[in-house]
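User: I have a protein model open on my screen and would like to walk through it with you. Could we take it one question at a time?

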Amino acid sequence: MPWESIKLNSGYYIPSIGFGTWTLGNGQGPVDQVEQALENGYNHIDTAQSYRNEGETGVALKESGLSRSDVFVTTKYSGTNGLDIPTSIKNSVNSLGVSYVDLYLVHSPRLAVPDIPTCWAQMEKVKEDGLAKSIGISNFGVQDMEILLASAKVKPAVNQILLHPYVYQRQKPILEYAAENGIIIEAYSALIPITKLPGGPLDKPLNDIAAKFGATPEQVLLAWTKAKGAVVVTTSSKKTRLQGYLAAGDIDLSPEDIAAIDAAGALGEKKVNMKTVLKRVVVGAIACTAVFGACNFFGISMM
């Protein structure tokens, strides 16, 4: 298989590509799209409490006719409706129509209330109770992971983070720390350089490498993400794209290919950061102008 399963520190295996439901909303749409993904060979479905489509995902799982052991199911504690972890995991497995999930994640460190050690102890209880085979985190930085590991009895199996070439340098310390501690990285939004930020420095190397392999730039990006050792979580409503993403697992990028993408990504990251700084400066300038204008209008001295 091109996308081989990866062994987690919990002893279980995670399929290295998953179908995500983040952007699907709710209703019949996500039911149909999850069913389509399952029919086309995806055996890893990623959802979350805050996506509000765990129920639809559960319907699709049931209608697929697949046995529970055939599908790796991930969901996340998102703090929705102010519910705590013990209540949320029970609601999630009920909505999904399963007795357990394969992976349960804390969606963000800001949800670790009152603190990370207390939150993680509750996650460990979820695993102990058999409601999740593996537990992990999402969007945790290095400092967050350090705090967690200082008191953890069970290490997080994964850390699911934003990962694509335009944020690679920023996220690299997280990848390195995770690797040092046996935590697998899951990547979401890997295709953003193409879907949201076209026209950047990555376009040329992606197109050149894609031409060499007879592939698409999207497939090259997924192959790059795989080469970084990350599990990919992606999505599409189009059957042909789903099949293409699976085929990307066969692309074996050379060290030169990876270096070219890294370099273009770093250049693009600098440009994106500069745009962000400029945007903040402009917004700040506009705000200052408005304040001075208001003070002048009301005869208030700013000196």
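User: Happy to start with two helices: at roughly what angle do the axes of H8 and H9 cross?

Analyst: Good place to begin, and please keep in mind that this is a predicted model. Helix H8 covers residues 203–213 and helix H9 covers residues 217–227. Their axes come within 8 Å, and H8 and H9 are roughly perpendicular to each other because angles of 65 to 115 degrees count as such. The crossing angle is roughly 95 degrees.

User: By class, which residues make the contact of H8 with H9?

Analyst: From H8 come Leu206, Asn207, Ile209 and Ala210. H9 brings Pro217, Val220 and Leu221 to the contact. Sorted by class, that gives six nonpolar, one polar and no charged residues.

User: Staying with H9, which of its residues are buried?

Analyst: Val220 and Leu221, which take part in the contact with H8, are among the buried residues of H9. Just after this helix, Gly229 takes a positive phi of about 85 degrees. The buried residues of H9 are Gln219, Val220, Leu221, Leu222, Ala223, Trp224 and Thr225.

User: And what do the buried residues of H10 pack against?

Analyst: Helix H10 spans residues 239–247. Its buried residues are Leu242, Gly244, Tyr245 and Leu246. They pack against strand S3 (17–20), helix H1 (28–39), H9 and S10.

User: Now for the largest pocket: which residues are the closest to its centre?

Analyst: The largest pocket holds about 620 Å³ of space, and 30 residues line it. H7, H9, strand S10 (231–234) and H10 each supply at least two residues of that lining. The closest to the centre are Trp22, Thr23, Ser189, Thr234 and Thr235.

User: Where does Arg52 lie?

Analyst: Arg52 also deserves a look at its backbone. Although not a glycine, Arg52 has a positive phi of about 60 degrees. Its location is the loop between strand S4 (44–46) and helix H2 (54–64).

User: Is the peptide bond from Val113 to Pro114 cis or trans?

Analyst: Most peptide bonds are trans. Pro114 is found in the loop between strand S6 (101–106) and helix H4 (116–128). For the bond from Val113 to Pro114, omega is near 5 degrees, and the bond is cis.

User: One more residue: does Gly182 count as buried, partly exposed or exposed?

Analyst: Gly182 lies in the loop between helix H6 (168–180) and S9. Leaving aside residues up to four places away in sequence, Gly182 touches Asn9 and Ala157. Its relative accessibility is 38%, and because the range between 20% and 50% defines the middle class, Gly182 counts as partly exposed.

User: Finally, how much of the whole protein counts as buried?

Analyst: The protein has eleven helices and ten strands. Among contacts with a separation of 6 or more, 74% join residues 24 or more positions apart. Of the 303 residues, the share that counts as buried is 48%.

Notes: Residues are numbered from 1 along each chain as its sequence is written. This is a predicted model: local features need pLDDT of at least 70, side-chain atom pairs count only at pLDDT 80 or more; totals for chains, interfaces and linings use all residues. Side-chain values use heavy atoms; hydrogens and water are left out. Axes are lines fitted to C-alpha atoms, for helices over the stretch in contact, and angles run from 0 to 180 degrees between N-to-C directions. Helices (H or I, at least four residues) and strands (E, at least two) are DSSP runs, numbered from the N terminus. Angles under 35 degrees count as roughly parallel, over 145 as roughly antiparallel, 65 to 115 as roughly perpendicular and the rest as oblique. Contact means heavy atoms within 4.5 Å. Ala, Val, Leu, Ile, Met, Phe, Trp, Tyr, Cys and Pro count as nonpolar, Asp, Glu, Lys and Arg as charged, and the others, Gly among them, as polar. On a 1 Å grid over the protein atoms alone, a cavity is a set of points where a 1.4 Å probe fits but cannot get out, and a pocket is an open set with protein on both sides within 12 Å along at least five of seven lines; lining residues have an atom within 4 Å of a point. Grid points are joined across faces, edges and corners, and a volume is the space filled by probe spheres set on the points. Buried means under 20% relative accessible area, exposed over 50%, partly exposed in between (1.4 Å probe, protein chains only).
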